Amino acid sequence: MSARTKPWDVIIVGGGPAGISAATVLTRSRRSVVIIDEGNQRNLRSHGLHNFITRDGILPPDFLRLATEELSHYPVNFVRSYAKKAAKIDDGFLVTDSSGENFLAKKLLLCTGVTDTIPDVPGMRELWGCAVFHCPFCDGYECKDEPIGLYAQKKNGYGMAIALKHLSKKVTLFTDGAFYLKPFQKKALEDQGINVVTRRVARLLYDHTTLHGVELTNGAQFKCAAVFTHHGLRVNRILVDQLGCLCTKKGEAITNRHQQTNVPGVYVAGDASIDMHFAVVAAAEGVKAAVTVHNDLLQEENREALKLKDK
């Protein structure tokens, strides 16, 4: 068991925008909070966080540094570790981290996020976050009017290709040997002037963090200043599954509008729940979850006080 003798009010797993926002609300409501976070946020390699007012373009590590510095003014315990097990026990929840330390709390908020599936193409992983992206809303503006590539082999890239055309007149869809486009989709892409390349992709051509183009297995090269991918992601749902929370077919935790799951006392906020994957949305969900957690605790404490009074 943790060195703390009494259980925490809340354990928060995940120290990204959702987790830190929730911790801020909870500690300001005089709740005892511990955050368990391994420091492997999804967007750490991004060249800038966007669509978050007052913080547009900030590097994600700098954003997290500012957030944790603000949080350090409050009595929140921050544990840099990986939470590998979670279980419901009689008086709350027990979370065990990778070092074997146990943490006990009355409520559990999971902000575990997702992990992007990076295509197994030379150059993709090396340029991830600086010239290879997954979200046009987050990184498209910086590529406007430049030649843009879209790598979509596992999933149909038709919709994203149309969206990217709004940013640039020069868009190329690389299917890497996949033939999934329907006739009407081929026609629509052709009408939009979007080039479709079905031959297999060999590698990305780059220098340090600068992308120059995409090379095919036959040696043909296509100039690209950025490549977007439509390759899927994996929800970090190990703890969600251990606790028996209901999920969608894609693995996202099913919550109500207060971020409550089907398991009483378990809440999910951020990318691991069903909503848009934006830092600002994750932060807002963290706030919603925190308010709900605090109110749920108030109700339980009030019921306990009434029981004691009646005795």
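Predicted model: local features only at pLDDT ≥ 70, side-chain atom pairs only at ≥ 80, totals over all residues.

Reader: What counts as a salt bridge?

Author: A salt bridge is a side-chain nitrogen of Lys or Arg within 4 Å of a carboxyl oxygen of Asp or Glu. The structure holds 12 salt bridges.

Reader: How many residues apart are D191 and K187?

Author: They are 4 residues apart in helix α5 (residues 183-191), so about one helical turn separates them. Helices (H or I, at least four residues) and strands (E, at least two) are DSSP runs, numbered from the N terminus. The chain has 7 helices and 17 strands.

Reader: Is D191 buried or exposed?

Author: Buried means under 20% relative accessible area, exposed means over 50%, and partly exposed lies in between (1.4 Å probe, protein chains only). D191 counts as exposed because its relative accessibility is 54%. K187 has a relative accessible area of 46%, so K187 is partly exposed.

Reader: Which salt bridge links distant parts of the chain?

Author: The side chains of D9 and K106 meet in a salt bridge (3.3 Å, N to O). The two residues are 97 apart: D9 is in strand β1 (residues 8-13) and K106 is in strand β6 (residues 102-110). D9 is buried, since its relative accessible area is 9%. K106, at 32% relative accessibility, counts as partly exposed.

Reader: Which residues are linked in a network of salt bridges?

Author: R42, D116 and D271 are linked in this way.

Reader: How is a pocket found?

Author: Rolling a probe the size of a water molecule over the atoms shows where empty space is left. On a 1 Å grid over the protein atoms alone, a pocket is an open set of points with protein on both sides within 12 Å along at least five of seven lines, whereas a cavity is a set where a 1.4 Å probe fits but cannot get out. Lining residues have an atom within 4 Å of a point.

Reader: How much space lies in the second largest pocket?

Author: About 670 Å³ of space lies there. Grid points are joined across faces, edges and corners, and the volume is the space filled by probe spheres set on the points.

Reader: Which residues lie nearest the centre of the second largest pocket?

Author: R42, H230, G232, L233 and H277 do, out of 22 lining residues. The elements that give two or more residues to this lining are α3 (136-139) and β16 (233-235). By class, the lining has 9 nonpolar, 7 polar and 6 charged residues. Here Ala, Val, Leu, Ile, Met, Phe, Trp, Tyr, Cys and Pro count as nonpolar, Asp, Glu, Lys and Arg as charged, and the others, Gly among them, as polar.

Reader: Which residues form a nonpolar patch on the surface?

Author: L246, I254 and I274 form one, with about 260 Å² of accessible area together. Patches are made of residues with over 30% relative accessible area and no salt bridge; like charges are joined within 9 Å, and nonpolar side chains (Val, Leu, Ile, Met, Phe, Trp, Tyr) within 5 Å. Accessible areas come from the Shrake-Rupley method with a 1.4 Å probe; for residues, only the protein chains shown count as cover. I274 lies in the loop between β17 (266-268) and α7 (279-310), and is partly exposed at 44%.

Reader: Where is a positive phi found in a residue other than glycine?

Author: Phi of N51 is near 65°, and N51 is found in the loop between β2 (33-37) and α2. D176 also has a positive phi, of about 50°, and is found in the loop between β10 (171-174) and α5. N51 is partly exposed at 39% relative accessibility, whereas D176 is buried at 4%.

Methods
Residues numbered from 1 in each chain as written. Heavy atoms only, no water.
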